[in-house]
Amino acid sequence: MINKWWRNNNIAAAIMTLLRIYLGYNFMIAGWGKITGGQFDASGFLNNAIQNPVKGPDGSSVFSLYNSFLENVALPNVEVFNIIVPWGEFLVGIGLILGCLTSAAAFFGVIMNFSFLMAGAISHNPTDILIGLLILFAGANAGKFGLDYFVLPFLRKMRHKNEFKETNVKPSVAQ
């Protein structure tokens, strides 16, 4: 019952609009600051996360697979991460603010927040994850008062148009 309300109700859409604009603004400002600052370098953050992993009560690393990813993939390719982190934050923010591809923006925002959380950066990440998950649960209703109102029907139309073309292709006759 609550799921139906969350996904279809105009009041829920209005609540989602406020939440996604709030979350989008935070992402956009964080990304824009890194893009325009010109000094963003993730290597310090990555090195700190690798050297000081999140530890459980027994003293062992809680996210050892993630720490291996940071050490073996992220740090050696830090130049790539120096581009995708700020631009990812900025684009997630723009998508959430405009309500364009809202579910995709929320999904990638949640992934980024979990990444920061697993690296040991608590900050406001748990709250952002909760808001992002609420947006995901609301589905298309989260972008109802945004560009998704126009974008999603267009994308569905294009998908069905392509499916129709694929199913109505006449085989050529070999001569």
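**Reading a helix and its surroundings**

Guide: Start with H5. Helices here (H or I, at least four residues) and strands (E, at least two) are DSSP runs, numbered from the N terminus. The expected span of a helix is 1.5 Å times one less than its number of residues. The 21 residues of H5 should therefore span 30 Å, and its end C-alpha atoms are 30 Å apart, which agrees.

Visitor: What should I know about the source?

Guide: This is a predicted model: local features need pLDDT of at least 70, side-chain atom pairs count only at pLDDT 80 or more, and totals for chains, interfaces and linings use all residues. Residues are numbered from 1 along each chain as its sequence is written, and side-chain values use heavy atoms, with hydrogens and water left out.

Visitor: Which residues of H5 are buried?

Guide: Buried means under 20% relative accessible area, exposed over 50%, partly exposed in between (1.4 Å probe, protein chains only). An α-helix has 3.6 residues a turn, so residues three or four places apart point the same way. In H5, the buried residues include Val78, Phe81, Asn82, Val85, Glu89, Val92 and Leu96. Their cover includes H2, H3, H4, H6 and H7.

Visitor: Where does leucine 96 sit, and what does it touch?

Guide: Leucine 96 belongs to helix H5 (residues 78-98). Leucine 96 counts as buried because its relative accessibility is 0%. Contact means heavy atoms within 4.5 Å.

Visitor: How do I read the largest pocket?

Guide: On a 1 Å grid over the protein atoms alone, a pocket is an open set of points where a 1.4 Å probe fits, with protein on both sides within 12 Å along at least five of seven lines; lining residues have an atom within 4 Å of a point. Grid points are joined across faces, edges and corners, and a volume is the space filled by probe spheres set on the points. The largest pocket has a volume of about 430 Å³. It has 20 lining residues, and Phe81, Val85, Met112, Ser115 and Phe116 are the closest to its centre. Helix H3 (43-51), helix H4 (64-74), H5 and helix H6 (102-118) each give two or more residues to this lining. H5 gives the most, with six.

Visitor: What is the lining of the largest pocket made of, by class?

Guide: Ala, Val, Leu, Ile, Met, Phe, Trp, Tyr, Cys and Pro count as nonpolar, Asp, Glu, Lys and Arg as charged, and the others, Gly among them, as polar. The lining of the largest pocket has 16 nonpolar, two polar and two charged residues.

Visitor: And the second largest pocket?

Guide: Its volume is about 200 Å³. Of its 14 lining residues, Glu89, Asn113, Phe116, His124 and Asn125 are the closest to the centre. H2 gives the most to this lining, with five residues. By class, the lining of the second largest pocket has six nonpolar, five polar and three charged residues.

Visitor: Is asparagine 125 buried or exposed?

Guide: Asparagine 125 is buried, because its relative accessible area is 5%. It is found in helix H7. A polar atom of its side chain lies 2.7 Å from the backbone oxygen of alanine 121.

Visitor: Which backbone angles deserve a look?

Guide: Most residues other than glycine have a negative phi. Leucine 101, in the loop between H5 and H6, has a positive phi near 55 degrees. Serine 123, in the loop between H6 and H7, has a positive phi near 45 degrees. Leucine 101 is partly exposed at 41% relative accessibility, whereas serine 123 is exposed at 58%.

Definitions and conventions: Polar contact = N/O pair within 3.5 Å; in protein donor to acceptor, adjacent residues only side chain to side chain.
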